[in-house]
Amino acid sequence: MTDIAATAPAVVGRSLWGDAWARLKANRAAMFSLYYLAFIAVISVFGPSLVPHRYTTIYADYVRTPPSFSAYPKADKIETALNEAIKRMRVDIKKWRQEDNRIFVTVTSPKPIDDRSVRYLDRSDAFDDTKIESKSPDGLEAVMSASIRQQYFLFGTDNTGRDLLSRTLMAGRISLAIGLLAGVVAGVIGVLYGATAGFAGGKIDEVMMRIVDVLYSLPFIFFVIMLVVFFGRNFVLMFLAVGAVLWLDMARIVRGQALSIRRQEYVQAAEAMGVGQRGILIRHVIPNLLGPVVIYMTLLVPHVIILESFLSFLGLGVQEPMTSWGVLISTGAHNIGSANWLLLFPAFFLVSTLFALNFVGDGLRDALDPRDR
Amino acid sequence: MVASETILSVKDLRVRFRTLDGAVEAVKGINIHVNAGETVAVVGESGSGKSQTMMAAMSLLASNGEATGVVDYRGRNLLTLSKSELNQVRGRKISMIFQEPMTSLDPLYSIGNQLIEPIRRHRGLGAAEAREEALKLLRLVQIPDPERRMKSYPHEMSGGQRQRVMIAMALANDPDILIADEPTTALDVTIQAQILMLLAELQRKLGMAIVFITHDLGIVRRFADRVYVMRCGEVVEEGEAEAIFVSPQHAYTKMLLAAEPTGTKAPPPPNAPVLLEGRNVEVTFRIGGGFLAGEPLMLRAVDHISIRLKRNQTIGIVGESGSGKSTLGRALLRLLPSDGLIRFGDRDISGADRQAMRPLRRELQLVFQDPFGSLSPRMTVGQVITEGLLVHEPTLSGRQRDLRAVEALREVGLDPNARNRYPHEFSGGQRQRIAIARAMILKPKVVVLDEPTSALDRSVQKQIVELLRKLQADHELSYLFISHDLAVVRAMADYIIVMKQGKIVEEGPTEAIFSNPQASYTQTLMNAAVDVTRFRLSA
């Protein structure tokens with residue numbers, strides 16, 4: 001007897017989860033979407049700290065710069081930027097030249113030139129590391145040199161001169177976080193509530209489901225506007241508002257499942273064996289519920305992201321300088337004629353993420369419920 | 001039977017299904033032919049490919065399946081026809097009836113609509129004419145009061161009547177071939193006999209050929225002209241029905257014919273103690289009713305039944321569906337609220353609640369009919385069978401539980417390695433063994449067996465019956481054996497209770513009941529089950 005027990009794990013069966021995973025792996029669209037989502041998640045989480053610009057930094061010289069692979073400032077802009085900075089110094093340019101990455105400018109002034117005036121050049125977004133190379137003995141003429149600050153704006157900049165790449169990634173972080181957190185909040189509340197109602201059955205179930213019906217009848221937008229009016233605009237509130245509305249669907253789905261699982265013979269078998277309510281709930285009802293819950297979760301997350309975008313679009317959601325895809329798209333929509341990249345990039349990210357999430361949801365549904373379609 | 005032209009011939013048909021674990025060949029190159037007006041039976045156990053053969057012929061395979069070969073119907077290869085060409089044949093010249101008439105009828109439409117629609121579509125008749133035609137069909141399949149039944153919905157009819165409607169629909173376009181896929185398996189024995197009689201009569205009147213797919217050899221003998229025996233996707237034997245039954249050639253056919261459970265059980269000694277006793281047990285279900293719904297309908301499923309189960313005794317409870325036999329079994333285990341007195345040993349458990357019953361549960365076990373539904377699909381077999389130990393012997397360590405699982409699996413004749421696998425990886429018979437192991441691991445005194453063999457193939461049934469008898473002998477168990485299958489009950493039980501509509505119709509020792517049934521209902525049951533006369537009048 002013992003020798004059998006010792007060599008036991010030789011045969012390991014494939015669980016239903018293992019089966020589902022194998023089926024999912026065979027689904028190319030879903031697997032690609034899964035990788036894509038992982039990629040979006042990684043760049044949203046780590047991207048903002050790797051991109052050279054912070055999402056709040058304002059480059060006054062680069063307002064509404066179109067996206068480009070080459071560095072700013074462009075050659076023709078150097079002179080403009082230089083002239084502007086020199087004008088602020090209240091000196092005149094005598095001549096200037098560019099050597100590799102540095103410019104050398106000779107300035108003259110009726111009054112002696114103050115050494116500290118180099119800071120005017122540093123202040124410009126285009127130049128850096130300004131030095132005074134030489135000064136005439138009377139101090140009325142000086143040669144300054146500054147390195148050109150090479151800046152890349154792959155996605156361009158917005159109306160206030162902030163880098164759109166870092167803002168898009170930051171927005172992704174917020175949107176995904178809201179989607180995930182509100183999804184999880186809604187999921188947890190919904191599963192607990194629905195499983196309790198379905199498992200308890202009878203009067204308790206009736207009362208619990210009528211409460212759900214009442215909550216269903218609250219208009220969502222009014223609800224959110226009311227919350228915003230009473231508590232101010234608040235990030236956490238967004239989760240609460242979105243989560244508080246979306247758990248209702250989950251609760252209904254889970255309740256239906258729990259009701260049908262409750263009547264399964266394996267639950268009756270467990271009862272006949274004397275297993276308590278808790279044991280049945282934990283060992284039988286919940287594991288068998290998880291399939292539909294997982295599927296619904298993957299469809300809930302994009303739903304939440306869209307709701308968040310919608311609220312932000314209306315101005316009820318995330319507030320500046322924090323941003324989300326909805327906020328960015330809203331700004332982009334206002335500038336669609338003059339700076340279309342402000343709309344295109346965030347919209348691409350939002351749409352492709354939602355696409356991927358829906359594909360994964362579809363794939364999971366097929367994998368977990370492999371009835372022939 | 002006059003040999004006539006061959007209208008359907010299947011040549012070298014292969015059906016394969018693509019699965020994650022590679023292609024599975026369900027049908028491996030078989031040849032079958034059907035002559036006009038004859039009855040051909042395709043017999044085999046589950047998984048033999050008998051249904052898939054016909055599904056492939058009708059292009060009704062699941063989307064991951066593909067068929068190769070030739071299915072020749074009057075000179076046309078059905079496998080290569082386009083969808084619209086196929087519909088010229090399918091449903092018109094070749095029609096099908098299925099096992100479960102509830103799921104084959106659309107619950108949203110009345111019987112009349114479902115009959116009239118295809119008649120109008122296929123024959124281009126007007127509404128009134130089609131209605132007449134539908135009425136004629138319902139009369140043909142002997143549905144009482146067809147005018148009224150036209151307005152009924154499927155759920156308002158009994159299983160037998162639904163199957164009659166299905167037959168009427170299949171006959172609507174005067175087919176050449178009627179394919180019947182286990183048409184009586186879901187029905188009670190008496191209804192089964194009526195349906196088969198009807199089919200035989202219709203065939204005589206209308207002259208179509210019938211392809212009869214079944215696992216039940218008893219029916220085949222009474223019904224078919226020729227028989228194909230299938231096993232694992234191959235035809236192992238074919239021939240005239242009588243010839244196959246009288247002198248089977250292939251070992252598999254012989255095995256199938258010998259698979260009827262045999263033997264009897266000796267009654268326990270008269271002084272054996274009574275273990276489980278029910279006196280005037282009554283179970284009433286409330287249907288509907290409530291705050292606004294008015295008075296509920298009270299349905300008495302079990303009506304004043306008294307029963308005494310002695311140690312080492314097997315009481316067989318026999319009855320058709322809806323007779324309350326399962327309800328009685330559950331009420332005696334206090335899984336359903338009931339009135340009347342129930343005693344276990346010398347304890348009165350009539351009023352015991354969940355809490356009070358818990359320690360007794362290990363001695364009162366239950367095995368279900370459906371070995372697919374009664375095992376949780378997300379637990380390994382080891383977890384399934386040791387779950388009871390978690391409740392009743394919570395002090396056992398995981399390792400000790402594992403050893404008990406090994407022991408229990410050995411006892412029911414399974415490889416102990418099975419405990420690391422999941423229920424869906426096992427066949428029906430193996431799953432039923434697992435369910436029995438789950439009950440046996442607790443070393444119970446009384447086991448209620450609720451149709452434990454009904455969902456299994458005959459040959460597997462026999463093994464399970466033998467296993468149950470061995471376990472009874474080894475552990476002095478008492479069984480309450482609930483079944484509609486008289487052959488199995490005869491082999492298992494030493495005492496029989498016949499139930500109808502919640503009441504006991506007749507009871508007594510097995511041999512007495514079988515040799516000399518008193519109540520007319522018992523006689524009907526016996527006749528339906530044991531009769532061997534042919535349904536076919538033309539033969």
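Modeller: Begin with the domains, whose bounds come from an automatic or database domain assignment. In chain B the assignment gives domain 1 (101-172) and domain 2 (274-363 + 444-530). This is a predicted model, in which local features need pLDDT of at least 70 and side-chain atom pairs count only at pLDDT 80 or more, while totals for chains, interfaces and linings use all residues. Residues are numbered from 1 along each chain as its sequence is written, and chains are lettered from A and ligands numbered from 1 in the order in which they are written.

Biologist: How many Å apart do the C-alpha centres of domain 1 and domain 2 of chain B lie?

Modeller: They lie 37 Å apart. For chain A, the assignment gives domain 1 (16-54 + 157-368) and domain 2 (73-148), and the C-alpha centres of these two lie 54 Å apart.

Biologist: How do I read the radius of gyration of each chain?

Modeller: The radius is taken over C-alpha atoms, and the globule rule is 2.2 Å times the number of residues to the power 0.38. With 539 residues, a compact globule would have a radius near 24 Å, and the 25 Å of chain B agrees with that. For 373 residues the rule gives a value near 21 Å, but chain A has 30 Å. Along the principal axes, the C-alpha atoms of chain B fill a box of roughly 70 × 55 × 50 Å; those of chain A fill one of roughly 105 × 60 × 35 Å.

Biologist: How many helices and strands are in chain B?

Modeller: Helices (H or I, at least four residues) and strands (E, at least two) are DSSP runs, numbered from the N terminus. Chain B has 20 helices and 20 strands; chain A has 13 helices and four strands.

Biologist: How is a pair of packed helices described?

Modeller: Axes are lines fitted to C-alpha atoms, for helices over the stretch in contact, and angles run from 0 to 180 degrees between N-to-C directions. Angles under 35 degrees count as roughly parallel, over 145 as roughly antiparallel, 65 to 115 as roughly perpendicular and the rest as oblique. In chain A, the axes of α11 (residues 277-313) and α13 (residues 341-368) come within 8 Å and cross at roughly 165°. α11(A) is therefore roughly antiparallel to α13(A).

Biologist: Which residue classes make up the contact of α11(A) with α13(A)?

Modeller: Ala, Val, Leu, Ile, Met, Phe, Trp, Tyr, Cys and Pro count as nonpolar, Asp, Glu, Lys and Arg as charged, and the others, Gly among them, as polar. The contact has twelve nonpolar, five polar and one charged residues.

Biologist: What about α4 and α7 of chain B?

Modeller: The axes of α4 (residues 111-123) and α7 (residues 159-171) of chain B come within 9 Å and cross at roughly 15°, so α4(B) is roughly parallel to α7(B). Two residues are in contact if their C-beta atoms, placed from the backbone, lie within 7 Å. Ile111(B), Gln114(B), Leu115(B) and Pro118(B) of α4(B) meet Val165(B), Ala168(B) and Met169(B) of α7(B). These residues divide into six nonpolar, one polar and no charged.

Biologist: How many residues of chain B are in contact with chain A?

Modeller: On chain B there are 33, in contact with 30 residues of chain A. Elements giving two or more residues to this side of chain B are α13 (354-361), β16 (364-367), α14 (381-392) and α15 (398-411). α14(B) gives the most, with four residues. By class, this side has 13 nonpolar, eleven polar and nine charged residues.
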